[in-house]
Amino acid sequence: RPPSSRLEVADRRSDHLIATILVPFQGRKDGWMAVEQALDIARLEEAHILAVQVVPSPHQRDSDSVFTIKSQFEQRCQAAQVHGEFRVVVGEMARKTADYARQVELVIFAEATAASANEALNALRRSECAPLLLLLPSRSISRRRVLLLYDGSAVSNEGLFASAYAAMRWGCDLTIAATARTTDLRGFLAQYLTRCDIAADVIDCAGQPPESLPKFAREHGVD
């Protein structure tokens, strides 16, 4: 099970939880919001940013627009003193995102890529190494709010640990959507949050797990 105290969380990883942040990128305005959020977290975690732009055909790899986006990304990373890498790959957005997501600890999606986020999430649910996901609304956000879908599984326990880390280390607000209705599960969550000294909103979603994560996040005011 996940660690149940601040000391255990610190012992789990003595330095930082996140080493690499993936930003699926399409060059839109909210895509740059995702980059700025990644830069913010990268500074907190001393992390590396991997921005991936997926294009449908090989001839688009070397287009002027891609070159401009790459240059702007590198300039922002340099200004923030964060190590960043920009890759252009050919293929389908959701599939490529899922492939790269398995290699990182955090993926930040802009709302424009919400459909790909949902498809990538479905693919990652079948993986044993799913990363954290951060979905940004089109509007700017002033506070970080974390949403955790929790069903008591081993993967969701990993998510609970990571969410607790974000709440304690980054000062995030935490919302937990409990997708299984059992006394043991709700009791464990209450005990875990108390031991970690975390205040969280727990939403009962038993029997009706969110079909669309971006829509659910917007409805409950979380990122």
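**Notebook: salt bridges and positive phi angles**

I began with Glu85, which counts as partly exposed at 30% relative accessibility. The cut-offs I use are under 20% relative accessible area for buried and over 50% for exposed, with partly exposed in between (1.4 Å probe, protein chains only).

The model is predicted, so I note its limits: local features need pLDDT of at least 70, side-chain atom pairs count only at pLDDT 80 or more, and totals for chains, interfaces and linings use all residues. Residues are numbered from 1 along each chain as its sequence is written, and side-chain values use heavy atoms, with hydrogens and water left out.

**Salt bridges**

I searched the whole structure for salt bridges and found four. I count a salt bridge where a side-chain nitrogen of Lys or Arg lies within 4 Å of a carboxyl oxygen of Asp or Glu. Side chains of opposite charge can pair when their charged atoms come close.

Which residue does Glu85 meet in a salt bridge? The partner is Arg87, at 2.8 Å from N to O. I looked up the exposure of Arg87 and got a relative accessible area of 31%, partly exposed.

I then took Glu36, which forms a salt bridge with Arg76; the closest N and O atoms are 3.0 Å apart. Glu36 lies in helix H2 and Arg76 in helix H3 (residues 64-80), so this pair ties together parts that are 40 residues apart in sequence. Helices here are DSSP runs of H or I with at least four residues, strands are runs of E with at least two, and both are numbered from the N terminus. Glu36 has a relative accessible area of 36% and is partly exposed. Arg76 is partly exposed as well, at 29%.

Next I checked Arg102 and Asp99, whose side chains meet in a salt bridge at 3.4 Å, N to O. Arg102 is partly exposed, with a relative accessible area of 33%. For Asp99 I noted 36%, again partly exposed.

**Positive phi**

I also looked up backbone angles. Glu46 is not a glycine, yet its phi is positive, about 55 degrees. I placed Glu46 in the loop between helix H2 (29-45) and strand E2 (48-55). Is Glu46 buried or exposed? Glu46 is exposed, with a relative accessible area of 67%.

Asp197 is another entry: its phi is near 60 degrees, a positive value in a residue other than glycine. I found Asp197 in the loop between helix H7 (183-195) and strand E8 (200-204). Asp197 counts as exposed, at 58% relative accessibility.
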